[in-house]
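Grab a pencil and work through these exercises with the structure open beside you. Try each task before you read its solution.

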Amino acid sequence: MTGRINLKVQIGELLLQNPVMPASGAFGEGMDELVDFNQLGAVVPKSITRYPRGGNPTPRICETPSGMINSIGIQSKGLDDYLAHTIPYYSRYHVPLIPSISGDSIEEFVEMSRIIALEEAVAGLELNISCPNLKGNGLSFGMDEEVTYQLISEVRQVTTKPLLAKLTPNVTSIVDIAKSAVRAGADSLVVANTLLAMAIDTESWKPKIGNLMGGLSGPAVRPVIVRMVYQVAQAVDVPIIGCGGIMCGRDAIEMMLAGATAVQIGTASFLNPTAMLEIIEEIKAYLKEHQLEDIQQLIGQAHSQIKQE
Amino acid sequence: MTGRINLKVQIGELLLQNPVMPASGAFGEGMDELVDFNQLGAVVPKSITRYPRGGNPTPRICETPSGMINSIGIQSKGLDDYLAHTIPYYSRYHVPLIPSISGDSIEEFVEMSRIIALEEAVAGLELNISCPNLKGNGLSFGMDEEVTYQLISEVRQVTTKPLLAKLTPNVTSIVDIAKSAVRAGADSLVVANTLLAMAIDTESWKPKIGNLMGGLSGPAVRPVIVRMVYQVAQAVDVPIIGCGGIMCGRDAIEMMLAGATAVQIGTASFLNPTAMLEIIEEIKAYLKEHQLEDIQQLIGQAHSQIKQE
Amino acid sequence: MRDFRLKVVFNQQVSQRYWHLCLDASSIQEDIKPGQFFNIFCSDYSTEPFLRRPFSLYHFDKMHLEFLYAIKGVGTKALTHYQKGDTLNVLGPLGQFFQLPKNTREILLLARGVGIATLAALAYEAYERGIKVVGVLSARTNDDLVIADTLQSLGMVIYKVTDENKTSDIENVMERLSFILKQRTIDAVYTCGSRRLTRLLQRVSSEYGIYGEVALEENMGCSVGVCYACVCQIKEKEDSQSVRICREGPVFPLEKVLV
Amino acid sequence: MRDFRLKVVFNQQVSQRYWHLCLDASSIQEDIKPGQFFNIFCSDYSTEPFLRRPFSLYHFDKMHLEFLYAIKGVGTKALTHYQKGDTLNVLGPLGQFFQLPKNTREILLLARGVGIATLAALAYEAYERGIKVVGVLSARTNDDLVIADTLQSLGMVIYKVTDENKTSDIENVMERLSFILKQRTIDAVYTCGSRRLTRLLQRVSSEYGIYGEVALEENMGCSVGVCYACVCQIKEKEDSQSVRICREGPVFPLEKVLV
Ligand SMILES: Cc1cc2nc3c(=O)[nH]c(=O)nc-3n(C[C@H](O)[C@H](O)[C@H](O)COP(=O)(O)OP(=O)(O)OC[C@H]3O[C@@H](n4cnc5c(N)ncnc54)[C@H](O)[C@@H]3O)c2cc1C
Ligand SMILES: Cc1cc2nc3c(=O)[nH]c(=O)nc-3n(C[C@H](O)[C@H](O)[C@H](O)COP(=O)(O)OP(=O)(O)OC[C@H]3O[C@@H](n4cnc5c(N)ncnc54)[C@H](O)[C@@H]3O)c2cc1C
Ligand SMILES: Cc1cc2nc3c(=O)[nH]c(=O)nc-3n(C[C@H](O)[C@H](O)[C@H](O)COP(=O)(O)O)c2cc1C
Ligand SMILES: Cc1cc2nc3c(=O)[nH]c(=O)nc-3n(C[C@H](O)[C@H](O)[C@H](O)COP(=O)(O)O)c2cc1C
Ligand code: FES
Ligand code: FES
């Protein structure tokens, strides 16, 4: 053993210096005072919509046991502002920039993807086909195999840059959706967005979220997401990015053992703004402690453990 | 205000003295030293299978943030033993006995329902069409509208006793399944069983559950279940029994505000064996504090709060 | 702004609902201003809360950060468990601070409940800069007005109104404000802690043509401007615009907020 | 069996990994026997663990319940935070206890790790009833064998084997057992804490035709026999049967368990 530990992972044609990146919506410019973005595996800004959008009524978040519900409604300044400000801002950093795209229709997804992918600073695109807030009663594109297929294959036509499809966990079979996304040309799958949830205040009798329902994130959901990563890893050959409830290095490692090649960190950054950097350090320390040279040695190992028996 | 508080609720033709009953699998004879079963709204023993069954490999449970995963595999002594011992045991108590039935096929559901419903001591039947443990990769009858419809309508043929369909939350649209169950003749819906989940030990690299995956329960899942109760309450007219993560009186009230007529308590009894009795007292105290005479005044109130705005 | 790990100097109950927390701030180099806040992680010792909780500074100097907080729910309850010598993770200083316009000689503070803590920081700064302070402090009970006497003892003119004395209704507060504004030359007005009082002060300040500011509250996720949980609406010409309380706020020009 | 709320008399570290917890049991009327356990809620003061944790009694009398526990993970770590005067929810006494066959005059205990705590309760009972005790106690380090000396001081014959001394391997333990069984008239054997040692003792006890018992462990949910989380396999004639460790166990006839 040379003592050098390799944290590099490959997502499509992207080589990341380490597997840790932010989850869209829980990261942005305001964090640059706290986190050196150049230490991250990649940067994923908040999802962008075609046109400016005000977002949902407040309260937009509330907490739940070991988790939180959010329904922000993708407040955004629209694509023009994104091209004028957000992309140039992130171009300063030398880690891959992966914009997250949230369209109201397949056409909007295609249009935005085409325009954003043209930007040199953009390394890949995350397609947020899973946001449970956009349409009535929590529906999303990613709930339907066919729609998922159509959306991703149309976006595939307009760019050769890596496409990451962010799936919704609010489905009967995430494996079917995952297969559909890969067939349509997704280079990687983010598993997954938030679980549709609700909390009611027992004093006011009103929902705790202005928009009634929202997405549950945080450690409460990790066991559901680990299960999905495990299932999807058995079914597809593209790299999976595990996302949901990762709070520390051990949680990231659990996700990778289940089959994730990289991880995204959301809620953890609210509790601890330097969580991402600490997770990178904890992964390193774990590898050292277990005398592993390469993070690749972890990916999907829970599967081999089972086959061996 | 008379000072008398009414806790009675109606589930189909069953009048319950209060809305609190155990969730199947987290209740049984061993608790009689701790809990006076006659204080409960109803009793729901562990799901019964047609033939004796050994259950799954250990470890069968593990804990997760604000929750636990179980994969017991419905260990059961089979129907004959159930008729010979379990039903007579519960007949001693004068609260409605609701056996939970878990078949391997529609035919088994029908056969068991017919036989068990003949027992005079049986007040109603809970159909566990949602257990994620029985079939490969966590599938269950309740994941398919058509299968749900067929199963319940066939059981409906063999008994007039109240049928409670216990739905699975692991679906894209619980509303579609709920409607299907009601169309098929279910008198009430239990919303819901556990979320399919997994946890991996970062030392051994093995799943923490012998059977790989299992069902997530406890407060972590409550926001997901509250959302489902709310959605189902908007879509169907039969009483809903809320089940998932209720730990205290306030949690039960949240579930009722979302639209549940009664609640089932599972995991809470593991942390506090007298949780059910305390929840009944806490509901009473809440009603008193809020100067409400009748628990009916709570059911579904989150819906009216929204309409008013 | 950083996530500091600060030692508790003391954390004591000062009235039935209020606690006073003092942290050792000797490690903080940053400039701190009244109206700014810290987002505090209060769950080292208990199962809840899950998220951090935001608290404005009530008082501070080079060596100490002081907070005055009211017990509301799980978060503030958890905070009471910290004792001298314990450490707390506090992220800050965050947000925009109160502005004292040039040549200000006298200001009016209108505060309700925990809003009193937020405005107290401004009162102390004004006091140090020789600016006179008049305060109308509103709360449920007299017991909730613990710091009123402290401010009074510094020579500030403090009017207390409470629900228990039935003096906190809008009409009565309106009367006091009119009285003060007629009697004195108030250069700026500040408010925090109540929508009703904010709307009232908006009317009064525009009527009298006085500069005003308000500090707002909203549930927070990140507290550093990335999650858009904490927004409110601000008038921009004809239109209204959604801004972040943690970043563009919590202090806003009084006439601009839509409450 | 009930869920008692008991005061902590003391809770102290006795070696690097082991702690000794003593609770005021004056409110308990129930009969308690060695081998039984309590399911303890250790999360009043921390975010974890979610479930209770089972611990056998190490020692008890009318006034006290004593537990000896090793720090493993979140649950046992949380337990160390309880201090004199705090209260703990303990559900019990639970499960089946050890049987001392009639006319037993000398017993052999074979324990590993935390299993030593479980067998210690039996050692004390045997001691009080004038039954001689020979113990082979195995652990990682000598430091983990804290109670070996206590038992020795009562006149019991104790053999210590440890990983650090390389004396805990099966061959060496086997040799000790053979030696003991040849030299003495052991009427019954008991084991706890290791699958390997259980299998070894099964072989030895059947070879010598001595009655034996074993106390098993498994993750528990309810601890009162309703959830079927804690099962193990027991030989029944030709067949094997699944039984609950919390109800039919944790003590089982040695020759019956499939480990
Ligand atoms: C900028 C700012 C400065 C503040 N300064 C003070 C202060 O100096 N002193 C003081 O006593 N209080 C202050 N507050 C209010 C304080 O943050 C809340 O009282 C506290 O968060 C309540 O938490 P809880 O867990 O005790 O109550 P909970 O029962 O959890 O909640 C009670 C109420 O607090 C609100 N709340 C819950 N979570 C949050 C959150 N993450 N962010 C904001 N509000 C939330 C909810 O609307 C809820 O109705 C300030 C709030 C803000 C936004
Ligand atoms: C009947 C019985 C008697 C016991 N007596 C003692 C004793 O006297 N002294 C002592 O130190 N230990 C005793 N144990 C073991 C003790 O229960 C575990 O060491 C403890 O639960 C570990 O909890 P943890 O959170 O510290 O560790 P974790 O890190 O949570 O788990 C460590 C290991 O403990 C096991 N474990 C986790 N949860 C449970 C659970 N709910 N029930 C059982 N095991 C679990 C897991 O297999 C895991 O590998 C006994 C166990 C049983 C079943
Ligand atoms: C406040 C908030 C805002 C979010 N906004 C977005 C978003 O704009 N686009 C998106 O794809 N996911 C969004 N998410 C989901 C996260 O990216 C992530 O999938 C989810 O929070 C689960 O990860 P976590 O448990 O680590 O937070 C948001 C999450 C939170 C908490
Ligand atoms: C250990 C365990 C065993 C269970 N067994 C069954 C079962 O046999 N049949 C069933 O319908 N549900 C079973 N469940 C699910 C519960 O009935 C309930 O739906 C679920 O635990 C959610 O409620 P809770 O969060 O209050 O525990 C089981 C749950 C647990 C924790
Ligand atoms: S709290 Fe996240 S933007 Fe203000
Ligand atoms: S722990 Fe529930 S049956 Fe033993």
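Two chains are in contact when heavy atoms of theirs lie within 4.5 Å. The model is predicted, so local features need pLDDT of at least 70, side-chain atom pairs count only at pLDDT 80 or more, and totals for chains, interfaces and linings use all residues. Residues are numbered from 1 along each chain as written, chains are lettered from A and ligands numbered from 1 in written order, and side-chain values use heavy atoms without hydrogens or water.

**Exercise 1.** Find which chains share the most contacts.

*Solution.* Start with the four pairs of chains in contact: A and B share the most contacts. Chains B and C have their nearest C-alpha atoms 9 Å apart. For chains A and D, which no contact joins, the closest C-alpha atoms also lie 9 Å apart.

**Exercise 2.** Work out which residues come nearest to ligand 3, and why its site is shared between chains.

*Solution.* Count a residue as near if one of its heavy atoms lies within 4 Å. Of the 24 residues around ligand 3, the nearest are Ser24(A), Ser47(A), Lys166(A), Gly245(A) and Thr267(A). The site is shared because residues from both chain A and chain C surround ligand 3.

**Exercise 3.** Track down polar contacts of ligand 3 (pairs of N or O atoms within 3.5 Å).

*Solution.* Begin at the backbone: a polar atom of Gly245(A) sits 2.6 Å from an oxygen of ligand 3. Then try side chains: an N or O atom of Lys46(A) is 2.9 Å from a ligand 3 oxygen, and for Asn128(A) the distance is 3.1 Å.

Definitions and conventions. Polar contact = N/O pair within 3.5 Å; in protein donor to acceptor, adjacent residues only side chain to side chain.
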